[in-house]
Amino acid sequence: MSEQGYDGTPVAALRRIAFLLERGRADSYKVKAYRGAAAAILPLDPDEVAARAAAGTLTELPGVGASTARVIAQAASGRVPDKLVEVEEQYGAPLTADGAGTALRARLRGDLHSHSDWSDGGSPIEEMAMTAIEVGHDYLVLTDHSPRLKVARGLSAERLTKQLAVVEAVNAHLGDGFRLLKGIEVDILDDGALDQSEEMLSRLDVRVASVHSKLAMDPEPLTRRMVAAVRNPFTNVLGHCTGRLVTGNRGTRAESRFDARAVFEACAEEGVAVEINSRPERRDPPTRLLELARDVGCLFSIDSDAHAPGQLDYPLLGCERAEAAGIDADRIVNTWPVERLLEWARP
């Protein structure tokens, strides 16, 4: 057991462990145990938690197991939990070497691409928002998937309408200084149309358009498909443009083939930002295409594509790539204050 003093709460220790596990892309079932235990003890008086820890009855609480009870007991007694020490050593190191990307990361005001447990994310909306505040954002765009992506529990118009009300409630609870923005990651359909009604898209603040199906289309029709989506007045960000996977538990996937110059020229003409997707398994666009988009005159958005709170740290990886490519910070839309961002995103 660590002898180092700990002045945080048991809930803070559990959340930090979960955050670091997510940051390191650990198995989701491991993460859920810690977030579930944090939720179980959050409503309890600290004195009751301490009494249960002393009496060894924490595991009587639904959602608290032997491992998480040990974390709670150690934190409640003022000691750094052993598990926290372990995950800090395993996953807590800086994501980049020698401070790469940190200067640009300090200029990011928000993140335009994130997912909650309403689609294929792992945590509630409010947990994503709270973590966004903790990593220093002024705003976070919630972009759960659109209806066609059934494997990711894409939101129908009815479910999206309900989500918008939840976003408003979360903002009312959080108060001033941070805004959770209404958004969507909308599928680009085979003909280039967007997978949601114009009426619903008009109710959103920011829209990320991405190809998720038929990634191996022939280059010519895929180019037409992407250009049509970029020229849709509701599109603000072109998400993970090649769809590639370079590592990770889903295996690897080759880049989609399309006329990148034609797509990026359309982005530059329409004021659509090319996403620098910061997920380690994506690194999308590849460097040669990132440099092409730079030279064509595109705007950019450096996004986490977070599916869990701990992944909201990923933009540092995108910042490292943007710095290496010499992209000016003012061309990165999420360095902008929220009002400028919303004015740009308005159809």
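Residues are numbered from 1 along each chain as its sequence is written, and side-chain values use heavy atoms, with hydrogens and water left out. In this predicted model, local features need pLDDT of at least 70 and side-chain atom pairs count only at pLDDT 80 or more, whereas totals for chains, interfaces and linings use all residues.

The strands β1-β2-β3-β4-β5-β6-β7, in that order, make up an open sheet of seven strands with parallel pairing (helices, H or I of at least four residues, and strands, E of at least two, are DSSP runs numbered from the N terminus; two strands pair if DSSP finds at least two bridges between them). The edges are formed by β1 (110-111) and β7 (299-303), each of which pairs on one side only. Strand β3 (residues 179-187) runs parallel to β4 (residues 206-210) and is joined to β4 by five bridges; within this pair, V186 stands opposite A209 of β4. Helix α8 (residues 157-174) packs on the sheet and touches β2 (139-142) and β3 (contact means heavy atoms within 4.5 Å). The direction of α8 makes about 160° with that of β3, axes being lines fitted to C-alpha atoms, for helices over the stretch in contact, with angles from 0 to 180 degrees between N-to-C directions.

Cavities and pockets were located on a 1 Å grid over the protein atoms alone: a cavity is a set of points where a 1.4 Å probe fits but cannot get out, a pocket is an open set with protein on both sides within 12 Å along at least five of seven lines, and lining residues have an atom within 4 Å of a point. Grid points are joined across faces, edges and corners, and a volume is the space filled by probe spheres set on the points. One cavity of 30 Å³ or more is present. The lining of the largest cavity consists of V211, L215, L222, M226, H240, C241, T242, G243 and S256, with five nonpolar, four polar and no charged residues (Ala, Val, Leu, Ile, Met, Phe, Trp, Tyr, Cys and Pro count as nonpolar, Asp, Glu, Lys and Arg as charged, and the others, Gly among them, as polar).

The largest pocket holds about 970 Å³. Of its 36 lining residues, D120, R250, R279, E281 and H307 lie nearest the centre. The lining comprises nine nonpolar, 14 polar and 13 charged residues, and helix α2 (residues 28-41) contributes the largest share, four residues.

The second largest pocket has a volume of about 230 Å³, and its lining residues include V11, R15, R35, G122 and E127. Helix α2 again gives the most, with four residues.
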